[in-house]
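This briefing goes through one protein chain by topic. Please keep the sequence and the 3D view open while reading.

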Amino acid sequence: MSKTEPPDDDMHIDNDNDLEPRPPTPDPRLPTPDPRLPTPDPRPPTPEPRLPTPEPRLPTPEPRLPTPEPDHDIRFERRNRPIIDLEALAQSATMLKMQETMAFVLALKNASLEDEVVRMSDEAVARLRNPPRVLLEINNPGIRHSISMYLALEHASQEAYNRMRRSTMRNFAGAPSVDNVQSFYNVERLISTYTGVESIEHDMCSNSCLAFTGPYSALDDCPICGTSRWNQARLQASNGRTRVATQKFTTIPLGPQLQALYRHPDSARNMRYLYERTQQILAQIRATQTVPVISDIAMGWDYLGAVLDGDIKENDIVLMVSLDGAQLYEKKQSDCWMYIWIIINLSPDKRYRKIHVRPGGFIPGPNKPKNVDSFLFVGMHHLAAVQNEGLTVWDASRDATFISNLHLLFTTADGPGLVYWDGMVGHSGKNGCRMYCGILGRCKTRGTRYYPALLKPLDRCTHGSDHPSIDVTQIPLGGSDDYAENLRRLVTAPNQRQLDMRKTETGLTKPPLILGLSPSRCLGVPFCMTTDIMHLAGNLSDLLLALWRRTIDCGTSDDEDTWEWAVFRDDDTWTVHGLAVEAAGPYLPGSFDRKPRNIAEKLNTGYKTWEFQLYTFGLAPALLYNVLPEKYWIHHCQLVRAFQLMCQHQISSEDLQNAHALFCTWERDFELYYYQRKEDRIHFVRPCVHQTSHIVSETLRKGPPICYAQWTMERTIGNLGQEIRQPSNPYANLSQEGVRRCKVNTLLSVIPELDEHPKGLPDGSVDLGGGYALLRKRDKTSKRP
């Protein structure tokens, strides 16, 4: 990895059954707040900054009146979505790559459950259109015992289940229904029958280039690498009659899983949370014209605007999809991609848990896919087909049947993965903001990589990067009004040279796949893109450490000896600091999960994102006091305070104002203190610096950043990865575990009483209330009697 490159975003954390987002990072001297209660003000006792503070002006877009079913009691603020004629856009494409991309988009627009790509069984499609309208009950003790045993041995092997089955049948011979205890194979078939969940497979290039779907479905060879689609040994043995794909990938349709969430009264009532909470919020807005505390996605104006516009109704299901790459083995190339669905209708204390997170599809490795749209197309096609037809749902809590529309609200990913959703150039482009705010980056003379520096260099400035300096408090909202016109210019590029130029000018690389979803059923690009405080914490940490340690590249006209902030330039100081980080670990509450290890020893050997977050935004203000020069220490404390405020589960209006002022001050002073408006230091201003300016405005639009951070995705990768038991074929095994997870979670939604996870407090502990417990006294070392 180059010293100037940001860290790899695939930094996974420890596995856990609880997929709830990470708690906020409080001052380590304060107790961890209960996320269910209003968060107390955790202001650290830092000196008052002696720097001028920009006016904390929160961006306020122009209000737009709704057209369908307007609510005249509420003036809501919603950004105008781009109006794009997909058929005309597709006809204007001249280059083959754009024509193929638009073919995927149009296929989504016209998606149907009758299309060949669906590949669901006739029974599954019929069940999707006419779901069961009775409660599922398992009255046979043998079958119920089989399923309970299957669930209890989740982390065990198939042989362990079979041994338990043989033991049961031998020791309880003659008992009622003992002959109905099922084999491992049969119990999995029963669960599939009960839930209606099945997986579908499609052919792919053996080098992971693309999937043979959409415009590639009829090809025999990969158009990128030329590798044959078919297993050559089988093809030659049968004289060309038997065509078996060399490799396949797995997709898990979401529709049957969503229907199952309403098939038990308790589960169905859980799905009512979003509607009921929305009505409470709207009533509060009508009464007070404000939302004093933002604690969920339902309080963001993107969601509220869709509700007030009539796009989201009482019985609709609101979704969020998250994409990420996973390295299955630490010391072996094993690039694998997957995406998951998060169901926003559930309350925040439920929606991020393992039982409610649904894997959607897997893209096997070991190579990185070159056309991700061809893989995502299958899952998105299923979503589009169900959107076009409507999902028939039987609600067991009301004994009512209705048509639910699926609404895709947010698409999330880390920085590299987000380009697959939004079709943008990525963080190194001239227009590389992930919020697509329109702020142009700057590059070095004869350089090709752009950096989002707001202040114009004073010493020299190359053509194209010489635009005037920008006031950080005047940065526009994400979602440029020029998006539709920029997309048209990109698609109509007549040749590769023009295409490359227009990519640089527009910040776009292709039409996004989700452009084919119905505008009334999707928030749409670029508004569905979100910030990600999880990877932001890691990237900011990497940048600051590179500056403090003097490991970031030094320009040809720059002098490292003038870097007064590089306090860890010598190994001895850095080693002492690492020991101080490790020594602070025992004083952190156990609820903080993994405590930071010795950063001087472990920084380059798998330091986790959560460790970075605890270090940078928890320990660093204390450990760097009197180590960093005062103005740099104050500058860092501003970032820490702002970040802590925005990591809360409940964020007040006052906290938003304070965080906005602190972020603006921090970003401006970062450029003045570190970059110092010198072109040779412009690479100090990485994209993560610019992203901080959007966090507060996007919180007003989307809710607390913790609600759409990538923690849930990272934990899903972790606990699915630990289930891999076949190192020789990890990708197929990972897909099978994902399918199994979906079936089990769906079964537990239909029969919640089968979910027998440990409850209550540990033995000997005392409930103190407010989410705190006093654990029993324990010896640190074992003692002999």
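M501 sits in helix α16, and this model is a predicted one. At 34% relative accessibility M501 counts as partly exposed, because that value falls between the limits of 20% for buried and 50% for exposed. Along the sequence M501 is 11 residues from L490, and the two C-alpha atoms are 9.2 Å apart in space.

**Helix α16 and its partner α15**

- Helix α15 spans residues 483-491 and helix α16 spans residues 496-506; their axes are 9 Å apart and the packing angle is about 165 degrees.
- That angle makes α15 roughly antiparallel to α16, because angles over 145 degrees count as such.
- The crossing in which α15 passes α16 is left-handed.
- On the α15 side the contact is made by N486, R489 and L490, and on the α16 side by L499, R502, K503, E505 and T506.
- Sorted by class, the contact of α15 with α16 has 4 charged, 2 polar and 2 nonpolar residues.

**Helices α4 and α26**

- Helix α4 (residues 141-152) packs with α26 at an angle of about 130 degrees, and the two axes are 12 Å apart.
- α4 and α26 are therefore oblique to each other.
- Their crossing is left-handed.
- I147, Y150 and L151 of α4 meet R740, V744, L747 and L748 of α26.
- The contact of α4 with α26 divides into 6 nonpolar residues, 1 charged residue and no polar ones.

**Helices α2 and α13**

- Helix α2 (residues 96-109) and helix α13 (residues 372-389) cross at roughly 25 degrees, and their axes come within 8 Å.
- α2 and α13 are therefore roughly parallel to each other, because the cut-off for that class is an angle under 35 degrees.
- α2 and α13 have a right-handed crossing.
- From α2, the residues T101, F104, A107, L108 and K109 take part; they meet D373, S374, F377, M380, H381, A384 and N388 from α13.
- By class, the contact of α2 with α13 has 6 nonpolar, 4 polar and 2 charged residues.

**Helix α25 and its cover**

- Helix α25 covers residues 711-721 and is mostly covered, with 10 of its 11 residues buried.
- The buried residues of α25 are W711, T712, M713, E714, R715, T716, I717, G718, N719 and L720.
- Strands β4 (317-327), β5 (335-343) and β6 (358-363) are among the elements that cover the buried residues of α25.
- Helices α17 (533-549), α20 (609-623) and α26 (730-750) are also included in that cover.

**A buried serine**

- S192 lies in helix α6, which runs over residues 184-195.
- The relative accessible area of S192 is 18%, and S192 is therefore buried, because buried means under 20%.
- Leaving out residues up to four places away in sequence, S192 touches V197 and K743.

**Loops and backbone geometry**

- G365 and P366 are joined by a cis peptide bond with omega near 5 degrees.
- P366 is located in the loop between β6 and α13.
- The peptide bond from V525 to P526 is also cis, and its omega is about 5 degrees.
- P526 belongs to the loop between α16 and α17.
- R119, a residue other than glycine, has a positive phi near 55 degrees.
- The loop that holds R119 lies between α2 and α3 (122-129), and R119 is partly exposed, with a relative accessible area of 35%.
- N626, likewise not a glycine, has a positive phi near 65 degrees.
- N626 is in the loop between α20 and α21 (630-646), and counts as exposed at 66% relative accessibility.

**The chain as a whole**

- The chain's secondary structure comes to 26 helices and 12 strands.
- Of the 785 residues in the chain, 56% are buried.
- Among the contacts in the chain with a separation of 6 or more, 71% are between residues 24 or more positions apart.

Methods
Residues are numbered from 1 along each chain as its sequence is written. This is a predicted model: local features need pLDDT of at least 70, side-chain atom pairs count only at pLDDT 80 or more; totals for chains, interfaces and linings use all residues. Side-chain values use heavy atoms; hydrogens and water are left out. Buried means under 20% relative accessible area, exposed over 50%, partly exposed in between (1.4 Å probe, protein chains only). Helices (H or I, at least four residues) and strands (E, at least two) are DSSP runs, numbered from the N terminus. Contact means heavy atoms within 4.5 Å. Axes are lines fitted to C-alpha atoms, for helices over the stretch in contact, and angles run from 0 to 180 degrees between N-to-C directions. Angles under 35 degrees count as roughly parallel, over 145 as roughly antiparallel, 65 to 115 as roughly perpendicular and the rest as oblique. A crossing is left-handed if the near helix is turned anticlockwise from the far one by less than a right angle, and right-handed if clockwise. Ala, Val, Leu, Ile, Met, Phe, Trp, Tyr, Cys and Pro count as nonpolar, Asp, Glu, Lys and Arg as charged, and the others, Gly among them, as polar.
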